[in-house]
Amino acid sequence: MSVDDDAKWLEWVTKQFENIAGEDKEISLEEFKTALKVKESFFAERFFTLFDSDGSGSISLDELLKALNLLTHGSETDKLRFLFQVYDVDGSGSIDPDELRIVLKSCLRESAISLPEEKLDDLTMALFESADKDSSGAITFEELKEELENFPEVMENLTISAANWLKPPTTEKYMRQTPRYLTRAYWHNNSRKLLFMCCYILINIFLFTFAAMKHTSFGGWVMLAKGCGQCLNFNCTFIGVLMLRRCLTWLRATWMVRVLPLDQHVLLHQLVGFAIFGLSIIHAIAHVVNFVKLTHVGTYQLWEYLFTTRPGIGWIYGTASITGVILQLLIILMLICSSTFVRRSGHFEVFYWTHLSYIWVWALLVLHGPNFWKWFVVSGFLFLMEKIVGITVSRIGGTQVVEVNLLPSKVTHLVIKRSPFFHYKPGDYVYVNIPAIAKYEWHPFTISSAPEQQDTIWLHVRSLGQWTNQLYEYFRQPELLGNEPKRLTKNLRNMKHQKCAQHLCNLAASNDSVATNKEDMVELTSYKPRQHRQNEPLDINVKLDGADGPQLREVSTKLSDNHRYCNIKCYIDGPYGTPTRTIFTSEHAVLIGAGIGITPFASILQSIMYRYRMRKQNCPNCSYSWCENVKDNEMSLRKVDFIWINRDQKSFEWFVSLLTKLEMDQADEEPQGRFLEMHMYMTSALSKNDMKALGLQMALDLLAKKENRDSITGLRTRTQPGRPDWSKVFQKIAEERKGKVHVFFCGSPVLAKTIKAQCEHFGFKFYKENFQ
């Protein structure tokens, strides 16, 4: 820092100190913990003790400046000395295993990582044995320094929260840059959308001008109203065309996908919706102004023009004004209830039911405008046929939820019986209706199983709204499942009443079960079929009434408290295509999922690895193995990078078994590197360069190398703490030179903007999953 920077820094620190210290001009431990935002009191107390050099029990401004100067401007050795003092709890000048364990346990709490005590012991010993070079039973400062040198990324930016907490605001110099929307990369990545938008705007300008010129004799307000009305005829028809999902899915398989922005059809639908709102407002205002002018020369009052049929305005006598008022109210209602705030705040049902008002809007438009039906006849017919086909296929092909697994963070894993006529592509989504939850509601979810999985399809549903929460709670109640026929019901019902009780008793005895006889009931509990014993316990509880002979009363099949078989009626509408259908034509695919956004990639990864295995079959004669760069007609992929970002540790449990299987498929390293690389990030964990987590991350690295398995997820892939540095991630991908890079993202819109900007910078093609 220069002299001026030092002066600004001193002024900034002093101001922050005064805001925290209050009137006594001293910072207490509680004030220090609050300002530092430290979750675990161990680190707050250790930092406070080291900052409080005179041992007075409070930190003065001079003591704070001295400590922060060391952490901000001090040498690498000074910072390491401070770290050593934090770990040396008893101040003996060395760190023993018990002290290290206390530190690592506090690191786990600070990073929101939960591990069993045995794993904590393993982490402690892994780090201690690596750092204790002379095997003396204690770690000295020199040994700790030598160990840290093996982690260069840590040494680059060793800091703690306090140094960042009181660092001066950065004064970035203004650099003149080309606006993002004028860059070549932006136009290349959005060429289809921009060309489409230009055509859309030109069509509206042409329609407005043509209609307005036909009514020049009626004055400017009528011209404005008629011009907007003609545009509304087009837009109210076109907005439905953009949601013809079956037609759009079919177009994805044609050359039109290279011309039309099919991947942005939801975004375009939203933009057209805003256009309808704006045009309808202008259209209504222009007519109202014209009505006001007519009241001066006519015999009708303004309210009569607006709310009665007396003036006789409209294609169908007198209906234009009344239908116009109703239409305006419906459009406003639909716009408000379609906002992100409503859809993403747990009120999806409000959006769903109000959006069905489009039926009334189209019906009223036919009554309102004499020419609307001409615009609507073709698209309306296609829309009607899509609905009829969808209802017919879904109802005829009614299926069942045959298995359910309740996962952490309120995620419901549904296993649905798959019809032999149901064909889909990796990453496709379906609309699901479960009458037991809501009889008339359909909700979209991505299929998380691969098409190669013949018997069932998987859905992973995150509980974010009323319907999804009801789904989760429904399957949490075992008594509800008891009323549904279970997997063994068919065989049990075929038993003769006279032989039923005896058969169950024999079955119980042969399977180490417990059978009890009562006057009016026979119960068979804890039946564990032999074919399941290798995996996990399977409990089947069967109750039979015996008043009029043994009658089947209830069958409850349970794998565990959160995993059970069932037979719940459901209907599926789909499948519908997504941007990920183009993934197999890519050369280097980067799949980025945030949270439950992994669901489309779960299906894609399974399908990719299935095709990859087929492509690497060994020759039966010479055992020759074809390399991964051999192309086939179905897949052009040369490299796949999968990045999964989660907030907490439990979220990784959603698909850990699948990811483990994918790792096993690549047990052997390829000559040209791995075909599939996985990268896991846990955002709640503190990064490696934070002093409060440095020891833990070192221990996790050491133990992962020793056990060849990550302690957090159990995968071979090491879970990285914090958020990805996207510039470094994409820079590494670009340097691999595996071909043209296509990035596929599913997650929050905020993160999508960041990743899209990086893709434009590196010239990567960006696709975002969006079907809601």
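Arg 476 is partly exposed, at 48% relative accessibility. In this predicted model, Arg 476 forms a salt bridge with Glu 473, with the closest N and O atoms 3.5 Å apart. Both residues lie in helix H22 (residues 466–476), three residues apart, about one turn of the helix. Glu 473 is also partly exposed, with a relative accessible area of 29%.

The count of salt bridges comes to 13. Side chains of opposite charge can pair when their charged atoms come close. One of the salt bridges joins Arg 101 and Asp 121, whose closest N and O atoms are 2.7 Å apart. This pair links distant parts of the chain: Arg 101 sits in helix H6 (residues 97–110) and Asp 121 in helix H7 (residues 117–131), 20 residues apart. Arg 101 is partly exposed at 23% relative accessibility. Asp 121 is partly exposed at 34%.

A further salt bridge joins Lys 639 and Glu 677, with the closest N and O atoms 3.5 Å apart. Lys 639 lies in strand E12 and Glu 677 in strand E13, so the pair ties together parts 38 residues apart in sequence. Lys 639 is buried, at 2% relative accessibility, whereas Glu 677 is partly exposed, at 23%. A network of salt bridges links Lys 639, Asp 641, Glu 677, Lys 732 and Glu 736.

Strands E12 and E13 belong to an open sheet of six strands, in the order E14-E13-E12-E11-E15-E16, with parallel pairing. Strand E14 (719–721) and strand E16 (765–768) are the edge strands, each pairing on one side only. Neighbouring strands of the sheet are turned by 20° against each other on average, direction ignored. Strand E15 (residues 741–746) pairs with E16 over four bridges, in the parallel sense. Phe 744 stands opposite Tyr 767 in E16. Helix H29 (residues 726–736) packs on the sheet and touches strands E11, E12, E13 and E15. The direction of H29 makes about 170° with that of E12.

Arg 718 lies in the loop between helix H28 (694–707) and E14. It counts as buried because its relative accessibility is 12%, under the 20% cut-off. Beyond its neighbours within four places in sequence, Arg 718 contacts Met 680, Gln 697, Leu 700, Asp 701, Ala 704 and Asp 710. A polar contact of 2.7 Å joins the side chains of Arg 718 and Gln 697.

Over the whole chain, there are 30 helices and 16 strands. Buried residues make up 49% of the 772 residues.

Methods. Residues numbered from 1 in each chain as written. Predicted model: local features only at pLDDT ≥ 70, side-chain atom pairs only at ≥ 80, totals over all residues. Heavy atoms only, no water. Helix = DSSP H or I, 4+ residues; strand = E, 2+ residues; numbered from the N terminus. Buried < 20%, exposed > 50% of the residue type's maximum accessible area, 1.4 Å probe, protein only. Pairing = 2+ DSSP bridges. Axes fitted to C-alpha atoms, helices over the stretch in contact; angles between N-to-C directions. Contact = heavy atoms within 4.5 Å. Polar contact = N/O pair within 3.5 Å; in protein donor to acceptor, adjacent residues only side chain to side chain. Salt bridge = Lys/Arg side-chain N within 4 Å of Asp/Glu carboxyl O.
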